[in-house]
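Could you take me around this structure in the viewer, one selection at a time? I am new to it and would like to know what to look at next.

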Amino acid sequence: MSHPHAAAGMPTAKPMDFSGSLRRFATTMRPERARVVLLTLCGVVSVALTVTGPKILGDATNVIFEGFVGQLLGRTMPAGTTTQEAVAALRASGDDSQADMVAAMGDVVPGQGVDVDRLAQILGVVVLIYVGAFAFGWLQARLMTVAVQNTVRRLRDDVEAKLHRIPLSHVDKQARGDILSRVTNDIDNVAQSTTQTLAQLVTSLLTVVGVLAMMFWISWVLALVALVTVPLSVVLTMAIAKRSQPQFVEQWAATGRLNAHVEEMFTGHALVKVYGRQQDAARTFARENEAVYDATRRSQFISGTIQPSMGFLANLNYVLVAVIGGLRVASGQLSIGDVQAFIQYSRQFTQPLTQVASMMNLLQSGVASAERVYELLDAPEQDPDPVPARELTDVRGRVEFSGVSFSYDPQEPLIKDLDLVAEPGQTVAIVGPTGAGKTTLVNLLMRFYEIDGGRITLDGVDTRELTRRALRSRIGMVLQDTWLFRGTIEENLRYGVRDGTEVSTETFLEATRATSVDPFVRTLPDGYDTVLDDEGTALSAGEKQLLTIARAFLADPEILVLDEATSSVDTRTEVLVQQAMNALRSGRTAFVIAHRLSTIRDADVIVVMEHGRIVEQGDHDDLLAADGAYARLYASQFVAPVVEESEAVQDVRTAAP
Amino acid sequence: MLVALVRRYLRPYQGAVVLLLLLQLVATLGSLYLPSLNADIVDQGVTLGDTGYIMRTGGWMLAVSLAQVLCAIGAVYLGARAATALGRDLRRDLFDSVQQFSARELDGFGAPSLITRTTNDVQQVMMVVLMTFTVMVMAPIMMVGGVVMALREDPTLSRLLLVVVPILGAAVGLIMWRMVPYFRGMQARIDVINAVLREQITGMRVVRAFVREEREAQRFGAANTRLYDVSLGAGKLMALAFPTVMLIMSLSQVAVLWFGAGEVSAGELQVGSLMAFLSYIMFILMAVMMSTMMVMMVPRAAVAAGRISDVLGTRSTVVEPAEPVALASLAGDQGPRGRVSFASVEYGYPGADEPVLHDLTFTAEPGRTTAIIGSTGAGKTTLLNLVPRLFDVTGGSVSIDGVDVRDLSLHDLGSLTGLVPQKAFLFSGTVADNLRYGKGDATEAEMWAALEVAQARDFVEALPEGLHAPVSQGGTTFSGGQRQRLAIARAVIRRPRIYLFDDSFSALDYATDARLRAALRPRTADASVIVVAQRVATIRDADQILVLDHGRIVGRGTHTELLESNETYAEIVTSQMSLEEAA
């Protein structure tokens with residue numbers, strides 16, 4: 001409790017840096033500062049006009065009241081009596097309090113009714129003021145909308161741009177679902193809460209200031225009375241917010257857990273069914289569902305009490321103003337119109353306070369999301385490309401790994417001192433058990449990950465001296481998991497085509513025929529214009545794989561990387577793909593990672609990897625003759641007796657370092 | 001749809017809802033009564049200088065106000081309870097419905113859509129109900145009460161309402177009506193933005209490999225601009241809405257004062273009543289505004305309610321038999337044997353012209369391995385899924401030990417089969433949790449034994465937490481091969497009578513594949529094994545190989561038999577190994 005903030009009585013136990021994130025958001029809004037200044041001015045004018053309205057309207061009430069009193073006096077006094085005479089007459093009759101009141105009014109003419117001309121004049125002014133307040137209010141809200149929407153759009157663009165600069169090492173370490181949630185749900189939440197709160201917040205705060213000023217102007221006594229309720233309402237709001245905030249946190253946490261469970265159970269639906277686990281699933285669901293219910297009920301109830309509580313305070317205020325105001329009017333210290341104006345002011349005064357109070361929850365949730373978005377924006381970035389970068393002209397495609405070492409986790413070195421040469425036009429097949437580091441090799445070549453030691457060169461140039469763009473545009477890649485985007489098949493196929501390169505229809509069809517894409521695409525009703533949805537679900541796994549192969553084909557790169565590209569394609573289709581690949585590989589350096597030995601038998605160099613090391617290198621015949629790890633791997637495919645196999649496996653294991 | 005759904009789900013909370021309406025009635029009447037008391041203070045206290053009256057009435061006002069706030073809080077409490085309970089019940093029923101679905105209905109909706117319906121759509125409906133309870137029910141009471149009170153104060157002046165209310169209603173309604181298309185478009189465009197971002201994150205390697213960052217940025221930029229346009233359009237209308245309402249309300253006050261002045265002058269109206277009248281007219285206008293705003297929320301919730309009702313109204317095509325055949329009746333000497341027979345089986349997807357499977361007849365004998373091979377899209381997975389009734393046949397029958405699978409209870413059927421799906425899906429939790437999916441009461445010894453068979457013992461042992469190592473959702477912490485092996489262990493630990501492997505060895509390297517099959521053999525000695533595979537090596541030792549092409553069996557026999565007699569099979573084999581090696 002020695003912390004200064006704690007002593008100051010911070011409203012809520014914040015798990016987040018509320019003001020820091022708010023300041024950060026203000027920085028994001030900086031390009032809009034001209035608009036913000038202008039809209040604040042408009043807001044000031046609009047609020048000033050709005051708050052003078054009731055005061056002048058109060059004058060109108062005074063005029064009516066004077067007319068009323070005048071008429072009242074007219075019953076007892078002759079026409080033509082002046083105000084002074086009327087007051088004197090009232091005092092004479094011993095009615096002192098009424099005399100004081102009439103004296104305070106100033107313009108009571110006994111016998112004369114409401115002064116219609118003056119009333120019309122006042123009301124005319126009021127109408128003008130209100131129309132002015134409307135115009136400036138509208139202008140302010142419009143400017144605010146533009147400023148907020150511009151900012152949100154910029155934030156979205158920033159996040160998207162960031163996605164292209166985050167190193168994959170960072171992305172792979174995190175749950176993708178979490179990053180996705182930040183760039184979708186959290187940004188949406190920021191957008192929604194800022195659009196809903198910011199404009200209101202500005203108006204509300206200005207109104208509070210303006211109304212307060214008017215109240216003091218009319219009667220400082222009543223203003224002080226009204227102010228009594230301010231600390232009360234602040235304390236009340238804080239107390240409620242303090243209780244509701246943990247419930248909101250719990251509500252969203254529980255909702256997250258429920259979502260995760262539902263997602264898991266629905267995506268794993270078939271398994272849940274065949275393994276007869278519906279009851280377990282329903283039990284877990286019921287538990288999480290109940291937790292969401294409990295937290296939501298509490299958060300909605302607690303935050304829901306703000307409105308009526310503030311309403312009560314407003315009423316309290318109202319009564320106080322009426323009682324004290326009534327007493328002061330009776331004693332002639334205040335006009336009736338002023339009391340009426342005051343009552344309106346006190347409502348105008350508590351209303352924005354109530355609004356700010358009820359917006360707090362929205363604001364807190366928005367700031368929490370903004371914090372998550374900023375966390376993403378602050379994530380490390382990949383090393384910048386070298387300036388000036390080396391240019392590559394006329395790539396021949398000689399790739400050399402020399403003394404390369406790398407690890408994902410400094411505690412566990414993965415690749416140690418690896419040497420590998422791929423001569424131009426050669427096919428290098430990489431084989432080895434799961435986890436041997438085959439995919440890692442590709443990650444390093446593509447510079448998805450940066451090596452820790454040694455160097456990788458392309459035609460003798462260290463790949464780190466090239467821009468990533470220059471390096472990657474020379475390499476065509478087909479990955480294990482097939483990724484297609486929402487768009488037509490043709491757009492997907494042309495995805496890898498370098499900018500400024502024209503692909504004629506003949507070349508296009510040649511590529512799709514060579515990769516066996518053409519026949520199945522032709523059977524689709526829309527052919528190449530078929531739109532693939534999110535995950536390309538309209539196609540079978542094998543067909544998607546064929547599309548990714550054709551995509552690499554059309555990219556026409558100097559170097560190819562094929563990562564288990566053919567594992568889901570049926571073997572008959574694969575024969576066709578194989579032929580196409582042979583054609584594609586000719587004249588190109590290719591790295592192939594595949595478990596299917598038929599795919600790599602034709603390779604110029606076969607690299608056998610185990611535990612991040614190359615244990616053997618050579619062509620098929622040489623390696624068979626060497627009777628080492630490759631020979632055992634090969635044998636295990638075709639010679640299956642159990643005993644021999646387990647022995648062979650044993651050998652492989654002991655052979656590994 | 002919305003009303004029917006909400007009414008049905010509020011039925012259990014009828015008592016609370018009635019009480020809530022009562023409380024809201026009292027609370028609203030309370031706030032309506034207050035201006036009238038204030039009028040009394042002005043008319044009978046201030047004008048007559050009666051201080052005692054002012055104090056008394058002030059005290060009464062506070063009491064009314066306190067009662068009003070207590071009622072309002074009570075109503076909020078009941079409203080929050082009833083609305084969130086409705087949300088909870090809706091979610092529960094949706095979840096239960098989906099659990100009953102067969103793969104056929106699930107694929108019809110799509111898992112992501114079902115997830116959205118269970119969470120977001122329910123949230124939408126719940127929020128509307130909550131808003132209705134806390135704000136909306138007040139509107140009609142306020143409006144009627146306001147009109148009554150206004151008439152009581154001054155019937156003549158109340159005619160102003162006939163002008164002001166329609167103007168406000170029309171103005172707000174017009175703005176909202178113009179906003180609806182923006183809101184509708186906005187949701188669709190947010191979906192597009194999110195889809196693009198999802199693609200960029202899942203396809204990050206491809207985007208970078210093809211150096212497509214700029215193109216992606218453009219694609220995103222375009223989507224962002226489209227969202228910006230609608231958001232701005234809606235925002236500008238919204239910007240107009242609030243000042244407009246303020247203006248109309250302020251001008252109404254001016255009108256009341258103008259016309260009221262005449263009546264005061266004529267002695268027909270007291271000043272205090274005029275002030276009360278001003279308050280009532282504000283109440284009425286507020287109620288009109290709230291109702292109009294509310295009208296805008298309803299269409300979205302109605303769409304959500306429709307989507308929820310669709311799910312609740314869908315019945316699974318795979319239904320539990322009314323009188324299931326007891327497992328004991330198909331028991332042999334040592335329980336059920338697990339002989340699987342397909343008799344003239346046909347399966348077609350709903351709406352498809354051609355069935356996926358035609359006239360399949362074969363038997364998988366216990367202790368034997370039946371392998372199914374064929375090109376992509378030949379119907380292999382569908383065939384496998386018919387055994388545990390993920391789908392039901394559209395013709396013919398599948399039976400186990402002579403009993404049609406549709407006559408067995410789903411529980412018994414599940415306990416007989418062990419499916420390893422093509423996509424090795426792991427559940428979040430620990431390795432042990434996943435194994436317990438196969439067998440709820442598995443001991444650690446059983447777990448290690450199953451892992452050993454599945455060739456997963458080594459890497460699980462190497463994990464610092466061993467069996468209790470955490471598994472993330474979908475199993476992303478494990479490699480593809482490791483996931484498959486864990487999924488196999490999950491099936492093995494069940495000791496099912498029928499093993500169903502759907503291309504379950506594809507991510508394994510050949511050495512592991514061979515070891516796994518060798519270890520599996522004694523374990524499956526008297527069970528029926530049906531294997532779908534792409535690799536010839538995986539199935540060459542099978543007792544029976546079925547060659548599937550376009551949903552038909554085009555060849556059956558052993559590896560050697562088929563190699564000689566079946567062209568399709570021979571072609572497949574040739575593509576994988578040269579002939580002399582195969583022989």
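**A walk through two sheets**

Start in chain A by selecting strand β1 (residues 399-406) and strand β4 (residues 453-458): they run antiparallel and are joined by five bridges. Keep in mind as you go that this is a predicted model. For one spot along this pairing, pick Phe401(A), which stands opposite Ile456(A) in β4(A).

Now widen the selection to the open sheet these strands belong to, which has four strands in the order β2-β1-β4-β5 (chain A), paired antiparallel. At the edges you will find β2 (415-422) and β5 (461-462) of chain A; each has a single partner strand, so one side of each has no neighbour in the sheet.

Time to move to chain B. Select strand β11 (residues 498-502), where five of its five residues are buried. Which residues are on each side of β11(B)? Ile498(B), Leu500(B) and Asp502(B) are on one side, with Tyr499(B) and Phe501(B) on the other, and both faces are covered.

Then bring in the partners of β11(B). Strand β8 (residues 417-420) of chain B pairs with β11(B) in the parallel sense over four bridges; there, look for Thr417(B) opposite Ile498(B). Strand β12 (residues 528-532) of chain B also pairs with β11(B) in the parallel sense, over five bridges. For a last stop, select Tyr499(B) together with Val529(B), its bridge partner in β12(B).

Key: Residues are numbered from 1 along each chain as its sequence is written. Chains are lettered from A and ligands numbered from 1 in the order in which they are written. This is a predicted model: local features need pLDDT of at least 70, side-chain atom pairs count only at pLDDT 80 or more; totals for chains, interfaces and linings use all residues. Side-chain values use heavy atoms; hydrogens and water are left out. Buried means under 20% relative accessible area, exposed over 50%, partly exposed in between (1.4 Å probe, protein chains only). Two strands pair if DSSP finds at least two bridges between them.
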